[in-house]
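Work through the exercises below with the sequence and the structure open. Each task is followed by a solution in steps.

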Amino acid sequence: MTLLAEDTRFELVRLRQWLTARTPSCLTTALHARFAPYFILIALAWLPWLILTWPGAMRDDTLAQYLQASGLHHYYTQHPLFDTLMFKLFWDAGRTLFGTPLAGQSMYTAAQVAALAAGSAFMLCYIRKVGAPRWLLMLSLLYLATSYVVVGSIATMGKDSLHTVFFLPFAVIFAEICRTKGAVLRRLPVAVIVTALMFASIASKRTALLIVLCAGVGMIAVCTGRKRNTQGNQGSAAWYSTHRFRALACLAAALLLAQGAWSPIAAAATHANPSPGREVWGLITQPVAQVAHDNPSAISSAQRNQLNAIMDLDKAAANINPNRTNETFQTLYTKPEPGHPAPTSSQKIAALTVWVQLGAANPGEYVTAYVGVMRGWWDPLRNFAYPTDSDYLFTPGYLQQWASYLPPDASAAQRLRAIKHDLAALMGTSHKPQWQHDALQSIRRWVRANNPLTAMALYVTWIPLALGIVLMMQAIRRKQRARGADKGDALPADVVGDSHDGGRYSSAGRLTAGFTPTQALAVYGLLAFTVLSLYASPEALFWYPIPVYFTLPLFAALPFCSIARR
């Protein structure tokens, strides 16, 4: 018995050592060794879902983009033109090669699945490269290969999944920039690639502009040092050779390309009508409409006049929806209307002042308004299911909505017949064999049966919140240990260069390959600002967090790859 117990203890120790083993290396080595296996395993794990849902499902905004791309409605900028034109390439290719845009949707689904699998494999290689323990790598692979929130989105044709194609590799390179304090940007191909990915991320998602800008400030803040000159010292090198300047240049170039070049050129080329950005104003209109609905006497005549200068307060109060802000922010005056001029800047400031005043006097109504809209982000009992085909977009209610996009010179009945004819090529994706219907129904019942694993709150709020707390505690502990000593966060030279030293990786580098707490917090900023953008969105819609679902393993690795832990 004693010998058996000793053998069992020995095997458990070996298992623990194997699970906690770390294999840091340069990224090139990790890619050569693991990219193909990771990609193949993920693609094979996704294949059953792809077969069940082929040719994929469009989201509602995508159908509105189809109407623009097909010439049935003029272009407009409410949905990113980058996405609309990207989808148009596939729809037109389907028409040209196979005679139907549905074939283009199939081609898009295949391309997106391949890109997301490649991005996921790239992320896993990076997590391995920075020294994550083996158990975390295995858990991350299992999550990416089998988690419903990830796998369910791979066959969706929408701007959020397209945005993830670019955001996922950008997040990985963003982490490496922070980890090396910008030294990796000495390699021109890396600088070009990260600039292109930043541009595509911003161009494919309107909220990404603020996310990248705010997270970019943290990235620039942790970039220190400069390229060594021929004498081997840093102090006399030119200012433009600093890592911080390179990081700033990449960020500025991406912003200029997206906002200064692409947006105006694409809008001019498509003759797109500009759409006012009203969504963020929902944070203002929703609570004041809640007060007007629940306690109208709490709003004075002067306050009501100031609010009515920018919105129709009575209409907002009458139509308020507790789950989203669309009904209230759509009452905003964005252009001159009969009997009502466009609001001035001073009127908007006055309305913001009233918003603050009403919030101080009516906190209960404000809490009710915000909690209702944001509930899906924090309530672990509220889950969701992805659509598995596009036919839900062709119900009578949706068809009437799409018919309203056609010119108003025909009757409502004529427009309805016309839109049915125009969209017929996209219909019928729910016509599947019975075994596929049965399998999809079983999955849907499992997903919606009070399943906490399919609640957005787990991935959007509670896991990111726990990660933020752990990273803050690591930073505080490091600061306490370093108090009284001038240690700082500087990495040894061999660690700073480990990702671009031609594959050489010293033993010292192996021990310290990871993130200092300051660097980890800078990387975490990308997740934090993405989550904040979700809380500021008009509603808790399951499409929005797809980038978070895919990149979560990268951020979850930060506490376990901290230099402070070694």
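**Exercise 1. Aromatic pairs**

Task: State how many aromatic pairs the structure holds, then classify the pair Y66 and W91.

Solution: The model is a predicted one, and the structure holds 27 aromatic pairs.
- Step 1. The ring centres of Y66 and W91 are 5.0 Å apart, and the angle between the planes is 85 degrees.
- Step 2. Ring centres within 6.5 Å make a pair, and planes over 60 degrees apart count as edge-to-face. Y66 and W91 are therefore an edge-to-face pair.
- Step 3. Y66 belongs to helix α3 and W91 to helix α4 (residues 81–98), so this pair ties together parts 25 residues apart in sequence.
- Step 4. Y66 and W91 are both buried.

Solution: 
- Step 1. The ring centres of F82 and F166 are 5.8 Å apart and the planes stand at 75 degrees, so this pair is edge-to-face.
- Step 2. F82 is in helix α4 and F166 in helix α8 (residues 159–179), so the pair ties together parts 84 residues apart in sequence.
- Step 3. Buried means under 20% relative accessible area. F82, at 11% relative accessibility, counts as buried, and F166, at 17%, is buried as well.

Task: Which residues do ring pairs link into a cluster?

Solution: The cluster is made up of W49, Y143, Y148, F384, Y386, Y459, F542, W543 and Y549.

**Exercise 2. Surroundings of Q68**

Task: Locate Q68, decide whether Q68 is buried or exposed, and list what Q68 touches beyond four places in sequence.

Solution: 
- Step 1. Q68 sits in helix α3 (residues 60–69).
- Step 2. Its relative accessibility is 1%, so Q68 counts as buried.
- Step 3. Leaving out residues up to four places away in sequence, Q68 touches H73, H74, Y75, Y76, H79 and T84.

**Exercise 3. Two packed helices**

Task: How are α2 and α5 oriented to each other, and what is the hand of the crossing?

Solution: 
- Step 1. Helix α2 (residues 27–53) packs with helix α5 (residues 101–129) at an angle of about 140 degrees, and the axes are 7 Å apart.
- Step 2. Angles over 145 degrees count as roughly antiparallel, and 65 to 115 as roughly perpendicular. The pair α2 and α5 is therefore oblique.
- Step 3. The crossing of α2 past α5 is right-handed.

**Exercise 4. Backbone details**

Task: Which residues does a cis peptide bond join?

Solution: The cis bond is between W54 and P55, with omega about 10 degrees. P55 is in the loop between α2 and β1 (57–58).

Solution: 

**Exercise 5. The whole protein**

Task: Which helices and strands, by number, make up the secondary structure, and what share of the residues is buried?

Solution: The protein has 25 helices and two strands. Of its 566 residues, 51% are buried.

Conventions: Residues numbered from 1 in each chain as written. Predicted model: local features only at pLDDT ≥ 70, side-chain atom pairs only at ≥ 80, totals over all residues. Heavy atoms only, no water. Helix = DSSP H or I, 4+ residues; strand = E, 2+ residues; numbered from the N terminus. Buried < 20%, exposed > 50% of the residue type's maximum accessible area, 1.4 Å probe, protein only. Contact = heavy atoms within 4.5 Å. Phe/Tyr/Trp six-rings, centres within 6.5 Å; stacked < 30°, edge-to-face > 60°. Axes fitted to C-alpha atoms, helices over the stretch in contact; angles between N-to-C directions. Parallel < 35°, antiparallel > 145°, perpendicular 65-115°, else oblique. Left-handed = near helix turned anticlockwise from the far one by under 90°.
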